[in-house]
Amino acid sequence: TIKVKNKFPKDDTKYYCIAKDNHIYNFEFSKYVTIDVLNYKTGNFFLTFEEAKKNKEKIMKFLNSPERIELK
């Protein structure tokens, strides 16, 4: 079960996410960009750099996990 903690972001909302290369990147959200929506839905979506940095280890563990996530 996926719990949504906050409302779906508006287009052009600036956010930070952690990439597989272990870097934190800043993007502008678009509901039409698949990676933006996936970042939001998987919790790899932070409104501040500090928040992204704080959660970096958790996200890297998730990204490096060999398990597949299936939508049901």
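Author: Two strands are taken to pair if DSSP finds at least two bridges between them. The model discussed here is a predicted one.

Reader: What value does phi of Asn22 take in the hairpin of β1 and β2?

Author: Asn22 is placed in the loop between β1 and β2, and this hairpin has five residues between the strands. With 36% relative accessibility, Asn22 counts as partly exposed. Most residues other than glycine have a negative phi. Asn22, a residue other than glycine, has a positive phi, near 75°.

Reader: Asp12 also has a positive phi. Is Asp12 buried or exposed?

Author: Asp12 lies in the segment before β1, and its phi is near 75°. The cut-off for the exposed class is a relative accessible area over 50%. Because its relative accessible area is 55%, Asp12 is exposed.

Reader: The side chain of Asn26 reaches a backbone oxygen at 3.1 Å. Of which residue is that oxygen?

Author: Asn26 lies in strand β2 and is partly exposed at 40% relative accessibility. Leaving aside residues up to four places away in sequence, Asn26 touches Lys14, Tyr15 and Tyr16. The backbone oxygen reached by the side chain of Asn26 at 3.1 Å is that of Tyr15.

Reader: How far apart in space are the C-alpha atoms of Asn26 and Phe46?

Author: Asn26 belongs to strand β2. Along the sequence, Asn26 and Phe46 are 20 residues apart. From C-alpha to C-alpha, the distance between Asn26 and Phe46 is 9.3 Å.

Reader: What separation do the C-alpha atoms of Glu51 and Leu71 show?

Author: Glu51 is part of helix α2, residues 49–64. Glu51 and Leu71 are likewise 20 residues apart along the chain. Their C-alpha atoms are separated by 27 Å.

Reader: Which backbone atom does the side chain of Glu51 reach at 3.4 Å?

Author: Glu51, in helix α2, has a relative accessible area of 34% and is therefore partly exposed. At 3.4 Å, its side chain reaches the backbone nitrogen of Leu47.

Reader: Is Asn39 buried or exposed?

Author: Asn39 is found in helix α1. Not counting residues up to four places away in sequence, Asn39 touches Tyr15, Cys17, Asn44 and Phe45. A residue is classed as buried when its relative accessible area is under 20%. At 8% relative accessibility, Asn39 therefore counts as buried.

Reader: What accessible area do Val33, Ile35 and Leu38 have together?

Author: Because its relative accessibility is 35%, Val33 counts as partly exposed. Val33, Ile35 and Leu38 form a nonpolar patch on the surface. Together, these residues have an accessible area of about 240 Å².

Methods
Residues numbered from 1 in each chain as written. Predicted model: local features only at pLDDT ≥ 70, side-chain atom pairs only at ≥ 80, totals over all residues. Heavy atoms only, no water. Patch = residues over 30% accessible without salt bridge, like charges linked within 9 Å, V, L, I, M, F, W, Y side chains within 5 Å. Areas by Shrake-Rupley, 256 points an atom, 1.4 Å probe, with all protein chains shown as cover. Salt bridge = Lys/Arg side-chain N within 4 Å of Asp/Glu carboxyl O. Buried < 20%, exposed > 50% of the residue type's maximum accessible area, 1.4 Å probe, protein only. Helix = DSSP H or I, 4+ residues; strand = E, 2+ residues; numbered from the N terminus. Contact = heavy atoms within 4.5 Å. Polar contact = N/O pair within 3.5 Å; in protein donor to acceptor, adjacent residues only side chain to side chain.
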